[in-house]
Amino acid sequence: MSNDPSNSKLSRRAMMKIGGMALVGVWSQRELPAIAGRLQRPSGNPEASGKPIFLPPDGSTDVAVHSRAENLFWTDVMMEHAGFFAMLMPGLELASQRGQAENFQRSFQTQYDRARTATLDRTNCAAFNRSTIELIKPFLEYKQRMLDAQNSGKIRTLVFPLFFDHTVREAQRAAMRLEKLSAGDATLNYPEVVDFWSAGMSDHSEFIAHLLDPQVQDFISQALDSSAVFKGFNQGNHDHALPGGAIVLATEELIDFETTIEAGINTGRIKSIIHPTLADHMRRETLKFVDELKRTGAKT
């Protein structure tokens, strides 16, 4: 298959117009006027539900503002990872591993709640970032242990090894991003953004393909096509002028697809074993990718 996204089957088809895309920030009243033009509310479609995604205002280089947004985003992601693990580790033989996941879920919920109410500025954001990193470190180790145990046959869970690996990479990225902000640097590096997120988007599409009902062939095919497109972006070809717009377009089309899947799951129109929280989780991560791409200067 060609790596040129224009040759893929991803398009803004009529069937993908079910849901709306919500980019919603949660900020204090003091911050809200500065970012009011940045926020987009849900389209009004009751099927376009889900959590908000927390993004800094356009053009901001304030490490405290970015720290708050990154803490809100990543503690929510880590909390949900732990919830997925607990959900997919049934039975008495996995009680210990499931209990550990539930403990991590509670820890990240607490940190998320702290991030929502914290007043971060340049004097204290590094310390808050470090407190989140210290929560991520043991969770990262747990994820890696579970991946190794699953791969070696020591445990039998319902978690794909790829999902363990995917979440390991996300924990590493979260810690790296918070470390960089703590050092006073809010910039994003285009090759790093493309490498990290395009691999994640390929994973998302493969998860969707393998969790849809086997008879939903059109959606399965579209998900696999999407995975191939993003694998093509993750080949070290990072001439900024060449792939940026194509990657943004493909990612926005993936948002459409994931929104359609989420709406179809919520209404029962699409058969799958995808939990609604997982569908929304993947969509929010894709929104984050688009935002980071545009902050590097990539244009549609």
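Trainee: Where is the place of serine 67?

Mentor: Serine 67 sits in helix H2. Helices (H or I, at least four residues) and strands (E, at least two) are DSSP runs, numbered from the N terminus. This is a predicted model, in which local features need pLDDT of at least 70 and side-chain atom pairs count only at pLDDT 80 or more, while totals for chains, interfaces and linings use all residues. Residues are numbered from 1 along each chain as its sequence is written, and side-chain values use heavy atoms, with hydrogens and water left out.

Trainee: Why does serine 67 count as buried?

Mentor: Its relative accessibility is 0%. Buried means under 20% relative accessible area, exposed over 50%, partly exposed in between (1.4 Å probe, protein chains only). Serine 67 therefore counts as buried.

Trainee: Which residues is serine 67 in contact with, leaving aside its neighbours within four places in sequence?

Mentor: Leu120, Cys125, Asn129 and Leu181. Contact means heavy atoms within 4.5 Å.

Trainee: What makes asparagine 234 partly exposed?

Mentor: Asparagine 234 has 28% relative accessibility. Asparagine 234 is in the loop between H7 and H8.

Trainee: What is asparagine 234 in contact with, neighbours within four places in sequence aside?

Mentor: Val194, Asp195, Ser198 and Ala199. Asparagine 234 and aspartate 195 are 39 residues apart in sequence, yet 5.3 Å apart in space, C-alpha to C-alpha.

Trainee: Why is H2 called roughly antiparallel to H3?

Mentor: H2 and H3 pack at about 160 degrees, with axes 8 Å apart. Angles under 35 degrees count as roughly parallel, over 145 as roughly antiparallel, 65 to 115 as roughly perpendicular and the rest as oblique. The H2 and H3 pair is therefore roughly antiparallel. Axes are lines fitted to C-alpha atoms, for helices over the stretch in contact, and angles run from 0 to 180 degrees between N-to-C directions.

Trainee: Which residues make the contact between H2 and H3?

Mentor: Among them are Leu72, Met79 and Phe85 of H2, and Phe104, Phe108 and Tyr112 of H3. The crossing of H2 and H3 is left-handed. A crossing is left-handed if the near helix is turned anticlockwise from the far one by less than a right angle, and right-handed if clockwise.

Trainee: How do you know that H6 is roughly antiparallel to H9?

Mentor: The axes of H6 and H9 cross at roughly 155 degrees and come within 10 Å. That angle makes H6 roughly antiparallel to H9. H6 passes H9 in a left-handed crossing. The contact includes Trp197 and Phe207 of H6, and Phe289 and Leu293 of H9.

Trainee: What makes a set of residues a nonpolar core?

Mentor: The set holds buried Ala, Val, Leu, Ile, Met, Phe, Trp, Tyr and Cys residues joined through side-chain atoms within 4.5 Å. The largest such core here has 68 residues. Phe85, Ile261, Ile274 and Leu293 have the most contacts inside it. H6 gives the most to this core, with ten residues.

Trainee: What does leucine 293 touch, leaving aside its neighbours within four places in sequence?

Mentor: Leucine 293 is in contact with Tyr190, Val193, Val194, Ile247, Val248, Thr251 and Ala298.

Trainee: How many helices and strands does the protein chain have?

Mentor: Nine helices and zero strands. Buried residues make up 53% of the 300 residues in the chain.
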